[in-house]
Amino acid sequence: LIYENIFIYGFVFIAVFDILFNSQGPQRSFRWILFAFIFGYRSFDITPGFSIHPLDILIYITIIKILLTPSKRLVRLPNWLNGLFFFMVLHLLINTNHANFAIRFFEFKNLFHIVIIFYIVHITFVEISDLKYFSLFYILSVSMIAFLGVVEFHFPSITMSMFGSSSQLYSRESGIFYRAGFTFWGAQTAANLIPPVFPFLLLHKNSSMKVFNPISKLIIGAICIYAIYISGNRISWLILTIMLLSFFTMYRKKNSIVEKIAVFLFIISFVTYINSELLMSRYFSAYSAILGQADQVYDSSGHVRYSRAVNALEVIFEYPLGIGWAGSGWVHSDVLQIIANLGWLAGILFVIGLFNTMYKCFIVYINHLKQDEIKLVLFTSLLILVHVILSFLFNNNFVLPQSGVPLFLLWAIIDTSLNNYNSQFEYKINDKLSIS
């Protein structure tokens, strides 16, 4: 639609101008990047098989702004990331003369986002309290995606007139579970962005930054959990389940029992409202699919995921040094796809990076069990990392900017904050972090 294109071009132009000509451009870039999540699949085609997403433009413009800044901090990226970057470039050079180089370069470009985002975050976000600022814009952006998904599901004519798409085009999966299409965004994978909203709402629930009142938090939470439900995205269901279990078992804070009772009553009411045999069957089929026991007749998508994982494992054992960019196809697992394409060593480095961040966060968390101010931010970070790790294990994300960039950004902010956590920061946090 012409109005849609005008809006996207206008948004990108204003964002680029703000990033380049504002003295705080690198810091302000994150609010623009977060709002660009809403665009979903929309990109600018350059050549057949190669396109540029608005997120690409904003990220590279931010890099340009940083390079043009005369006084900038010296940044040292994690060793695992430097090693991963080496294998990424190595395989790109090997694939230079390949007939489908554009497709291979496209995949390289989208995984390269992890390097750029970690660099930008190292430059701009230095304290764990910045997670509160970041979470505000994440909530606003992703709750809008959830809201539009709900509107599309119940009022497809509205999204048809707005975006030229409707969930009625493909919302049945073998006539079993009626799913929202999220076609305005591109696919039901839009639901993958939603789970972090809940720990972020918990962070704002106890924050002095009074942006959301209790009613607005309840409305946002209800819209987001309903959007995850109608998406039929079982990995998001699984992530949300783990977040809830962690909340009930690990969350410790003054008056936390009241919060737990409120959340428990809300969940019971919601499950009672949506409960059906089809829902339960689909929910538990996620665990069967993970164990490789998907029913080929009932759960065709789970069976396809399992088959692709098996094929990727065959490629991994046949080509331990990697088959090359885009060589393994769409695996439905970032971890397996990286190992298959770039080799065992690259995959191990990627996994080390993930679990190293989780380990650091958990160690700092258990060492501050009696400090509510720090503990809540760390608990939120742990839940976010659960989302990031499970998404990389069981979904394909990095091959599309709208799916990969959100995860890289969440990961980079938490990892960088933890790396900068030291005794000097511990004294500063009492002044900057206000959680009651």
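Helix H15 spans residues 344–366 and contains 23 residues. In this predicted model, its first and last C-alpha atoms lie 32 Å apart, close to the 33 Å expected at 1.5 Å a residue. The expected span of a helix is 1.5 Å times one less than its number of residues. Helices (H or I, at least four residues) and strands (E, at least two) are DSSP runs, numbered from the N terminus. Residues are numbered from 1 along each chain as its sequence is written, and side-chain values use heavy atoms, with hydrogens and water left out. The model is predicted: local features need pLDDT of at least 70, side-chain atom pairs count only at pLDDT 80 or more, and totals for chains, interfaces and linings use all residues.

The buried residues of H15 include Ala 346, Gly 347, Phe 350, Gly 353, Leu 354 and Thr 357. Met 358, Lys 360, Cys 361, Val 364 and Tyr 365 are also buried. Buried means under 20% relative accessible area, exposed over 50%, and partly exposed in between (1.4 Å probe, protein chains only). Lys 360 has a relative accessible area of 18% and is therefore buried. Not counting residues up to four places away in sequence, Lys 360 touches Asp 415, Leu 418 and Asn 419. Contact here means heavy atoms within 4.5 Å.

The side chains of Lys 360 and Asp 415 also meet in a salt bridge, at 3.0 Å from N to O. This pair links distant parts of the chain: Lys 360 sits in helix H15 and Asp 415 in helix H17 (residues 401–419), 55 residues apart. Both partners, Asp 415 and Lys 360, are buried. A salt bridge is a side-chain nitrogen of Lys or Arg within 4 Å of a carboxyl oxygen of Asp or Glu. By this rule the count is three.

Another salt bridge joins Lys 109 and Asp 56, at 2.8 Å from N to O. Lys 109 lies in helix H5 (residues 101–124) and Asp 56 in helix H3 (residues 54–68), so the pair ties together parts that are 53 residues apart in sequence. Lys 109 and Asp 56 are both buried. Asp 18 forms a salt bridge with Arg 28, with the closest N and O atoms 2.9 Å apart. The pair connects helix H1, which holds Asp 18, to helix H2, which holds Arg 28, across 10 residues. Asp 18 counts as buried, at 12% relative accessibility. Arg 28 is partly exposed, with a relative accessible area of 25%.

Helices H1 and H2 are also joined by aromatic residues. The structure holds 30 aromatic pairs. One of them, Phe 11 with Trp 32, is edge-to-face, with 5.4 Å centre to centre and 75° between the planes. Phe 11 lies in helix H1 (residues 2–21) and Trp 32 in helix H2 (residues 25–35), so the pair ties together parts that are 21 residues apart in sequence. Rings of Phe, Tyr and Trp (its six-membered ring) pair if their centres lie within 6.5 Å; planes under 30 degrees apart count as stacked, over 60 as edge-to-face and the rest as tilted. Trp 80, Phe 118, Phe 350, Phe 392, Phe 408 and Trp 411 form one aromatic cluster.A nonpolar surface patch covers about 650 Å². Its members are Phe 248, Ile 257, Val 258, Ile 261, Phe 264, Leu 265 and Ile 268. Patches are made of residues with over 30% relative accessible area and no salt bridge; like charges are joined within 9 Å, nonpolar side chains (Val, Leu, Ile, Met, Phe, Trp, Tyr) within 5 Å. Helix H11 (residues 256–274) gives the largest share of the nonpolar patch, six residues. Ile 268 is found in H11. Ile 268 counts as partly exposed, at 41% relative accessibility. Lys 260 is also found in H11, but is buried, with a relative accessible area of 11%. Lys 260 touches Phe 247, Phe 248, Tyr 251 and Arg 252, not counting residues up to four places away in sequence.

Helix H6 (residues 130–154) has 25 residues and reaches 37 Å from its first C-alpha to its last, close to the 36 Å expected. H6 is mostly covered, with 19 of its 25 residues buried.

Overall, the protein holds 18 helices and four strands. Of its 436 residues, 56% count as buried. Among contacts between residues at least 6 apart in sequence, 73% join residues at least 24 apart. The accessible surface comes to about 19600 Å², of which 67% belongs to carbon and sulfur atoms. Accessible areas come from the Shrake-Rupley method with a 1.4 Å probe; for residues, only the protein chains shown count as cover.
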